[in-house]
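Please look over the notes below with the model open beside you.

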Amino acid sequence: MKILQDKVAIVTGAGSGIGRSVALAYAREGAKVIVSDTDEDSGRDTVRLIAEEGGDSFFVKCDVSSPEENESLVWAAIDHYGALHIACNNAGIGGAMAPTGMYPVEAWNKVIAVNLSGVFYGVRYQIPAMLNSGGGVIVNMASILGSVGFANSPAYVAAKHGLLGLTKNIALEYGEKGIRANAVGPAFIKTPLLKYLDEQTMQWLVSRHPVGRMGEPEEVAELVLWLSSPKASFVTGAYYPVDGGYLAQ
Ligand code: NAP
């Protein structure tokens, strides 16, 4: 028996990087996956990859910074599969880089809208659906920058710190009602999110990881999969780095 057999799971930002790896990992373990992204082509590619491995999924376009689109996403899961058991709120953006005293207000609003409000809008509609489905599991994609600062990324750092607080609150409010919620903190992972960084910055970032390399999206997906499964049945309200030792320094 697969560990997520017949569970219904939403993954946001599942057209690329970590989200795609999580969607594939969920499907391999028997979950029915709603693959969601703003980018329709890449989302449909993830659905195709899941189908090639014999998995069950479909695509729903959703910009997580829209409360209405989050609500529709949850309804799509209920209409199609009849329940919602798991949500990996993964969609996120890097945003502009500048010191706090010069940070563009528009860039701040955009990062907070996607990386923090986007997760609140998600759980706002996922939680009632999970309660109606007999319980569920939420995994919010934070970052190592949910627990330490990173110069010139004030909006990203603030949003990811905020996610840890939101995750704790869900755990307190819904633990007895059968919903677990945890946050994951990847260090730097080789995904298109880092495509704007020059070679020198990439080398410097590599050197910040005691293991001497960046992570792979699949290494984050392994942790998300475990947190989403019954193997983590006593784990809630927590923050799990997956960081090649970054936070040990
Ligand atoms: P990625 O490869 O860029 O994938 C993110 C996906 O989310 C993309 O398909 C992106 O579409 C989509 N997306 C962007 N804005 C969205 C929105 N408003 N609504 C729905 N989908 C949206 O990035 P990733 O590295 O896998 O990042 C996934 C998550 O991990 C993010 O929350 C990120 O903050 C977090 N994380 C990443 C790293 C890292 O080093 N890679 C480290 C720590 C945490 P477009 O490509 O069209 O924008």
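The numbered points go from the ligand to its pocket and then to the cavity.

1. This is a predicted model, in which local features need pLDDT of at least 70, side-chain atom pairs count only at pLDDT 80 or more, and totals for chains, interfaces and linings use all residues. Residues are numbered from 1 along each chain as its sequence is written, and side-chain values use heavy atoms, with hydrogens and water left out.

2. Which residues come nearest to the ligand? They are S16, D37, N90, Y156 and T191, out of 28 residues around the ligand (a residue counts if one of its heavy atoms lies within 4 Å). This shell is made up of 16 nonpolar, 8 polar and 4 charged residues. For these classes, Ala, Val, Leu, Ile, Met, Phe, Trp, Tyr, Cys and Pro are nonpolar, Asp, Glu, Lys and Arg are charged, and the others, Gly among them, are polar.

3. Helices α1 (17–28) and α5 (154–174) each give at least two residues to the shell. A helix here is a DSSP run of H or I with at least four residues, numbered from the N terminus.

4. Polar contacts are pairs of N or O atoms within 3.5 Å. A polar side-chain atom of S16 is 2.6 Å from an oxygen atom of the ligand. In Y156, a side-chain N or O atom also lies 2.6 Å from a ligand oxygen. For I18 a polar backbone atom is involved, at 2.8 Å from an oxygen atom of the ligand. The ligand alone exposes 890 Å², and the protein buries 88% of that (Shrake-Rupley method, 1.4 Å probe).

5. The ligand takes up the space of the largest pocket, meaning that more than half of its atoms lie within 2 Å of the grid points. On a 1 Å grid over the protein atoms alone, a pocket is an open set of points with protein on both sides within 12 Å along at least five of seven lines, and lining residues have an atom within 4 Å of a point.

6. The largest pocket holds about 1200 Å³, counted as the space filled by probe spheres set on the points. Of its 44 lining residues, G92, I93, G94, T191 and L193 are closest to the centre. The lining divides into 24 nonpolar, 14 polar and 6 charged residues.

7. There is 1 cavity of 30 Å³ or more, where a 1.4 Å probe fits but cannot get out. The largest cavity has a volume of about 40 Å³. Its lining includes T12, N90 and G118, and has 3 nonpolar, 6 polar and no charged residues. Helix α4 (residues 105–132) gives the largest share, 3 residues.

How values were computed. Polar contact = N/O pair within 3.5 Å; in protein donor to acceptor, adjacent residues only side chain to side chain.
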